[in-house]
Amino acid sequence: MVIKMMDCARFLDGYSDYRDGLLADDEGAEYLAHLAMCGSCARYDRVVRSGVAMLRELPELEPSEDFVLELKHRIFHEDDDRRRMQRRASGAATAVTGAIAASIALLAWVPAIGERGRSVVEMPPITALAPASVEAEMLPLPSFVDTQADWVDLMREPQPGFASLVRYEYAGTGFSNAEFVAPR
Amino acid sequence: MSDIFALRAISRENEAQPGRPLAELDDSGLVARFLEGEKRAFTELVGRYQARLLNFVYRTTGDRERAEDLVQETFIRVYRHLHRFDQSKKFSTWVYTIASNLAKNELRNRSRNPLVLFQTIRKNHESDSKPLEWEDNTYRPDDLFRKRHLRALVESAVDQLPEHHRTVFILREMEGKTYEEIAEITSCNLGTVKSRLNRARNNFAQVIAPLLD
């Protein structure tokens, strides 16, 4: 196998791959060859390895004695909060459901309540005839006569220089209309 | 299609392995058992990860007490969100991601609040000035002192690394995580992980080289 020579910059660039064993065999051989020849890179590799080894020798921290107890305490409160939220949520859901049911019931009863509460006043039928004065003096005025009206009533007697007020009524509709009628 | 669902159900049942002692289950088995309502499975997970996470967070933040608080918070978040955890993923990666994010937030808050930073430095200084403990009688006092001094210097070399380099360095060198896991934990792509790790190793070597020769 022919091993290509590499320079120090390339060695340092790819050092992590070499250290973590991520290189293919031939590339790994290049790194090893470079390490064998280059004192500076060999020192670099030695420093990293021994430094990391010292770090790994550092005493490990242990959690304090009450760590688990405290955690359990917090989890108890976590569960408690969750239960309270669920109760609140289910209470709110019940309230909303109740409110919707009440609204529906109310809507269902409203027409009946309306029927019960509404008072119907029976009025005697109103009948009127067009006064003779209207017929004689004011009517028919083609522009004002409403031929659809069933009744015509003179609301104000004609005065010299003033308009009269005439009211029309339409039987069966409860609708009326009023118009000023100019004097002749 | 129904076969796929049936297969998934079977594999999930196998994961939970009802009746098998919790200590014999792997992490995914414990997660499955916890989700089935067995609370002791969570305690087992805590037992497996509490020391590892404490050391990881301590090495990242440099504050022991705060590290313990952050690990507590990590487990609370795990407990709260375990039902949303994607069980096709590795539990250890997930739990390290949570701890790493909390440590990162801690460092960010500390840099914004000089008082917190000062308190941390003071606390560490106080612990540094404690008298030497004679942990090993086979060493002579000067050897012990030298060894302890070197360890402290190596530790401080890690502290000197920029935060994003330090996290990657610790995850790889101390926690033995793969590049893919580190990428997931730190939310970076593989290229970034590689370049950060290479730079971190380079900086680390430069700081400690004069001490080790």
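Biologist: What percentage of the 184 residues in chain A do buried residues make up?

Modeller: Buried residues make up 26% of the 184 residues in chain A, where buried means under 20% relative accessible area, exposed means over 50% and partly exposed lies in between, with a 1.4 Å probe and protein chains only. Please keep in mind that this is a predicted model, in which local features need pLDDT of at least 70 and side-chain atom pairs count only at pLDDT 80 or more, whereas totals for chains, interfaces and linings use all residues. Residues are numbered from 1 along each chain as its sequence is written, chains are lettered from A and ligands numbered from 1 in the order in which they are written, and side-chain values use heavy atoms, with hydrogens and water left out.

Biologist: How many helices and strands are there in chain A, and how many in chain B?

Modeller: Helices (H or I, at least four residues) and strands (E, at least two) are DSSP runs, numbered from the N terminus. Chain A has six helices and three strands, in the order α-α-α-α-α-α-β-β-β along the sequence, while chain B has ten helices and zero strands. In chain B, buried residues make up 42% of the 213 residues.

Biologist: Which residues touch the most other members of the largest nonpolar core?

Modeller: In soluble globular proteins, nonpolar side chains tend to be buried together. A nonpolar core is a set of buried Ala, Val, Leu, Ile, Met, Phe, Trp, Tyr and Cys residues joined through side-chain atoms within 4.5 Å, and in the largest one, with 73 residues, Phe75(B), Phe91(B) and Phe204(B) touch the most other members. Helix H3 (residues 40-61) of chain B gives the most to this core, with nine residues. Leaving aside neighbours within four places in sequence, Phe204(B) is in contact with residues of both chains, including Val48(A), Val52(A) and Leu55(A) as well as Val154(B), Leu161(B) and Phe169(B).

Biologist: How should I read a pair of aromatic rings, and what angle lies between the planes of Phe56(B) and Tyr96(B)?

Modeller: A pair of aromatic rings is described by the distance of the centres and the angle of the planes. Rings of Phe, Tyr and Trp (its six-membered ring) pair if their centres lie within 6.5 Å, and planes under 30 degrees apart count as stacked, over 60 as edge-to-face and the rest as tilted. By this rule the count comes to 17 aromatic pairs over all chains. Phe56(B) and Tyr96(B) form a tilted pair, 5.3 Å centre to centre with 55° between the planes, and this pair links helix H3 of chain B with helix H5 (residues 91-112) of chain B, its members being 40 residues apart. Both Phe56(B) and Tyr96(B) are buried. The rings of Phe85(B) and Phe91(B) have centres 6.0 Å apart and planes at 85°, so that pair is edge-to-face, and Phe85(B) and Phe91(B) are both buried. In chain A, Phe11(A), Tyr15(A), Tyr18(A), Tyr31(A) and Tyr44(A) form one aromatic cluster.

Biologist: Is Thr61(B) buried or exposed?

Modeller: Thr61(B), which is found in helix H3 of chain B, counts as buried because its relative accessibility is 6%. Not counting residues up to four places away in sequence, Thr61(B) touches Ala67(B), Leu70(B), Ala103(B), Glu106(B), Leu107(B) and Arg110(B).

Biologist: Where is Ser187(B) placed?

Modeller: Ser187(B) is in the loop between helix H9 (179-186) and helix H10 (190-212) of chain B. Its phi is near 55°, a positive value in a residue other than glycine, and Ser187(B) counts as exposed because its relative accessibility is 61%.

Note on methods. Contact = heavy atoms within 4.5 Å.
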